[in-house]
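Please look at the sequence and the model first.

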Amino acid sequence: WEINGSFYQPSAFLMMGIPGLEALHHWISIPFCALYLIALLGNCMILFIIKKTQSLHEPMYYFLSMLAVTDLGLVLCTLPTTLGIFWFNMRRIGFDACLTQMYFIHILSFIESSVLLAMAFDRFIAISHPLRHPSILTKTTVIKIGLAIILRGTVSLFPIPFLLKRLTYCGKTELSHSFCFHPDIMNLACADIKVNVFYGMIILLSTVGMDFIFIVLSYILIIKTVIGLATKEECLKALNTCVSHICAVLVFFIPMIGLSMIHRFGKNVPPLVNTLVAYTYLIIPPALNPIIYSIKSSHIREALLRALRRK
């Protein structure tokens with residue numbers, strides 16, 4: 001403990017694995033290792049194929065590259081602490097290290113949300129204004145969108161670590177997960193956390209919440225456009241280009257909303273449910289996104305097959 005008058009700040013937190021199943025952590029680590037390996041190899045493969053295939057140098061695949069980089073970042077943020085607990089029971093994490101991990105996890109989550117919104121906008125332009133699509137989403141525009149996404153996530157979350165450092169902590173230092181999460185750290189404080197709660201809610205609603213609303217609006221406009229197409233084949237072809245993105249949106253937003261609700265309102269939710277939702281939120285999307293896009297995108301499949309034949 002670092003003590004300064006009435007101000008108390010722990011030197012470290014204790015992370016939690018899967019409650020009630022501590023004796024099975026070595027066995028449980030096997031599926032986690034498989035998911036991490038799929039996420040790392042899958043997203044690296046997506047980036048490699050897009051870089052090497054000239055025909056994939058277009059907005060849809062630039063945004064997919066951003067999604068893959070973000071997923072890799074999320075995997076690398078949580079992998080050391082999660083496998084450290086499962087393999088070596090290394091539960092201790094320094095206070096500042098915890099805040100750093102939390103900051104990057106939240107930034108990457110916000111960036112992923114924004115990238116999914118950018119991909120929805122790309123699909124809307126491609127379906128509603130196909131002739132103007134190349135002139136609207138130029139390479140320069142895509143780069144500007146990417147920089148704006150990073151800047152929004154970085155700036156909006158910048159005060160969070162400082163809001164946590166000003167709090168007085170006492171009693172429990174045990175976190176609910178094998179990674180650091182803002183509501184989890186905040187709830188360990190014995191000081192007034194109204195500012196943290198208010199700021200966290202405002203930022204969540206104004207970024208991820210607005211992203212989700214605009215994604216839904218984009219698909220309402222896409223469906224309206226598709227209904228006006230001449231033939232059933234054209235409708236199905238247009239909608240088929242959106243299937244991968246819709247799956248990625250559902251895989252990301254459903255666990256994220258569930259985890260946020262549990263931390264804020266689920267006081268009586270069993271710890272095991274809380275833990276499983278958290279792992280689903282941070283590990284499943286990075287592992288599934290490459291699979292979803294590899295299965296549904298014929299261009300990526302063909303480029304992958306060509307790369308394998310060359311090998």
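## Aromatic pairs

The count comes to 13 aromatic pairs, where rings of Phe, Tyr and Trp (its six-membered ring) pair if their centres lie within 6.5 Å, with planes under 30 degrees apart counted as stacked, over 60 as edge-to-face and the rest as tilted. One of them joins F95 and Y169 edge-to-face, at 5.7 Å centre to centre and 75 degrees between the planes. This pair links distant parts of the chain, 74 residues apart, with F95 in helix α3 (residues 95–128) and Y169 in the loop between α6 (159–165) and α7 (182–186). Both F95 and Y169 are buried, that is, under 20% relative accessible area, whereas exposed means over 50% and partly exposed in between (1.4 Å probe, protein chains only).

The model is predicted: local features need pLDDT of at least 70 and side-chain atom pairs count only at pLDDT 80 or more, while totals for chains, interfaces and linings use all residues. Residues are numbered from 1 along each chain as its sequence is written, and side-chain values use heavy atoms, with hydrogens and water left out.

## A further pair and a cluster

The ring centres of Y103 and F104 are 5.8 Å apart and their planes stand at 70 degrees, so this pair is edge-to-face. Y103 counts as buried because its relative accessibility is 14%, while F104, at 42%, counts as partly exposed. Elsewhere, ring pairs link F212, F252, F253 and Y281 into a cluster.

Note on methods. Helices (H or I, at least four residues) and strands (E, at least two) are DSSP runs, numbered from the N terminus.
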